[in-house]
Amino acid sequence: MAGRGASRVEQELIDAQREADHYRRLARADPDQYLSGFAPRLYQVCDLLTQLPEQHEELAALLGELVEVSRRLAASDPHRRLPGLALSLGQLARVTGLLGRRSEAVAPAEEAVRIHHELAREDESHLPDLADSLTNLGNQLAELGRHHEALDHIREAVEVRRRLADRRPNAVDLAAELASALVDLGVKLGEMGRHGDAVDTLRDAIGRYRAISGARPATDLPHHWVALLSISRELAHQDRAAESGPYLQEAAVLYRRLARSSPDFLAFMTAMLRRYGFRLTEDGLIVRSETGARRSAAPGPSPLARIQSLNEQGLRLASNGSLGLALGMLRDAVALARQAAETTPALVIALARSLHNLGLVQAWSGRPAESLASCAEAVRLCRRSLSAAPHLVRPLLADALDTLGNRLASLGRHHDALAASQESVALHRQLADADPTAHLAGLARSLNNLGIRLTDADRHNDALAATREVVEIHRRLSAAEPGGHLPGLIHGLSNLGLRLARVGRDDEVLAPTMEAVELLDQDPPLGPGNDVENLAESLAWLGWWLRRHAHRKEARAVTRAAKVLRRKTDG
């Protein structure tokens, strides 16, 4: 069940990211028309990423973007848009805090509270959101050791929940929310050493959960479970562990119910606990994981051979479309290389290569922030090792800079992306001058990406020159190895059509575009899904351009080719 659930979430995420990327481009071109449509699509991506703990770094980056989008929308329409801004601020604070960056989390949490206070003064329907934001702020402050401030906010949240519950004493949902707030308060009291007060508060919460046990939804079970575990811990602090027996038995019963009714929650909880060094027992208790239990003592291949094997398997899986499995392989390669490099400094090159490969597959999997971090570390390690082994490191540094430029551009950092791309081209050109057979293809690839970076910088004539050189190199490579470089030539030709259209050389656009379409009829392997998707978008735009310039027959052929490529990515 958990495996199928994760697969479903990941597929939904890919679809949501594709739509969000589309609207991001539209919003950049025409924010007045499309920014409001971009916000909910970005929120959908963030909502799906919350279910994947291993992607929370990327989630934090996207939530930062969502906050800025929401802020722009709220500036023009505060009545409708302030609630969305407060919601995105609260989510950013939660995730940033969860990643251990508590000092960064406080500011958005405080701003969310200020906005919700303002909204609740005008309309009490915002009181539940105010209570949530107060609890969130309290949690972030407590993690920074500011316990008294945290306690004030969490107590205020409890009082807001109590007001709401008292108004509608028969409302099960309000009773459950009050119980949850009391759990938060009890946990914080325990963290401050006020174990007696914590036990009283948690007992109050558990009593409220029991009172609504027959009517509440299964989604409240996890909070009840946490309360039972927390009171058991607090009783132990007071040397009253014998009193915790009934609570632990009730926790075990709830765990078994959760296993049946909320397997997605259990999978999420297990992943979160594993990340911080804990695990769940079959009885539903939390215990610290044993470290090193999985390490094998049996002799085997050398660390370098194992690292290389993991990289090869990971890239092979990625090229076959098994991105999830590929990520696992490459993460293992990075972990092994990092460990090996601590005792054998020469293996830092293997670590850099593993990080670069991981960054590539993270990018293909739609994880731009994670990919950027991996590629940036690969570049740093290459620079550090360049003087010691230039013949090994220079090609890797050139490739890593090329990938880093792509990742920076995907996150809107176009100035930094251009600098990385230019450095990559310079290194690839040095390598190709010394050994054209080995390095011309790398030069063409980095030049192709430089053309894109120059276009982003509105340097269209420079972009055209770079793309012309790409096509020339791929023609030379194809002449020497017929069929071996078709994918690169097709991408170069479609990009050349785009660049020519951009600089107004209308009479030259048709030829490279149609050549690209004709080469596609040979059905060459086009690489990862992202590359195919980008090519499809380029051809779709060129089809539109050709139709607009009265090349209707050719436009139909180009548009048809774009649709075929899109079906491949959708499939």
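This is a predicted model: local features need pLDDT of at least 70, side-chain atom pairs count only at pLDDT 80 or more; totals for chains, interfaces and linings use all residues.
**A residue in helix H6**

Asn-136 belongs to helix H6, which covers residues 127–143. Asn-136 is buried, for its relative accessible area is 4%, and buried means under 20%. Leaving aside residues up to four places away in sequence, Asn-136 touches Gly-90, Ala-93, Arg-94 and Ala-109.

**Helix H9**

Helix H9 has 17 residues, and at 1.5 Å a residue these should span 24 Å. The end C-alpha atoms of H9 are 24 Å apart, which agrees with that expectation. The buried residues of H9 include His-195, Ala-198, Val-199, Thr-201, Leu-202, Ala-205, Ile-206 and Tyr-209. An α-helix has 3.6 residues a turn, so residues three or four places apart point the same way.

**The pair H21 and H22**

The axes of helices H21 and H22 come within 8 Å and cross at roughly 155°. Angles over 145 degrees count as roughly antiparallel, and H21 and H22 are therefore roughly antiparallel to each other. The crossing of H21 and H22 is left-handed. The table lists the residues through which the two helices make contact.

| Helix | Residue range | Residues in the contact |
|---|---|---|
| H21 | residues 486–502 | Leu-486, Leu-489, Ile-490, Leu-493, Ser-494, Leu-496, Gly-497 and Leu-500 |
| H22 | residues 510–520 | Pro-512, Thr-513, Glu-515, Ala-516, Leu-519 and Leu-520 |

By kind, the residues of the contact of H21 with H22 comprise ten nonpolar, three polar and one charged.

Notes. Residues are numbered from 1 along each chain as its sequence is written. Side-chain values use heavy atoms; hydrogens and water are left out. Helices (H or I, at least four residues) and strands (E, at least two) are DSSP runs, numbered from the N terminus. Buried means under 20% relative accessible area, exposed over 50%, partly exposed in between (1.4 Å probe, protein chains only). Contact means heavy atoms within 4.5 Å. The expected span of a helix is 1.5 Å times one less than its number of residues. Axes are lines fitted to C-alpha atoms, for helices over the stretch in contact, and angles run from 0 to 180 degrees between N-to-C directions. Angles under 35 degrees count as roughly parallel, over 145 as roughly antiparallel, 65 to 115 as roughly perpendicular and the rest as oblique. A crossing is left-handed if the near helix is turned anticlockwise from the far one by less than a right angle, and right-handed if clockwise. Ala, Val, Leu, Ile, Met, Phe, Trp, Tyr, Cys and Pro count as nonpolar, Asp, Glu, Lys and Arg as charged, and the others, Gly among them, as polar.
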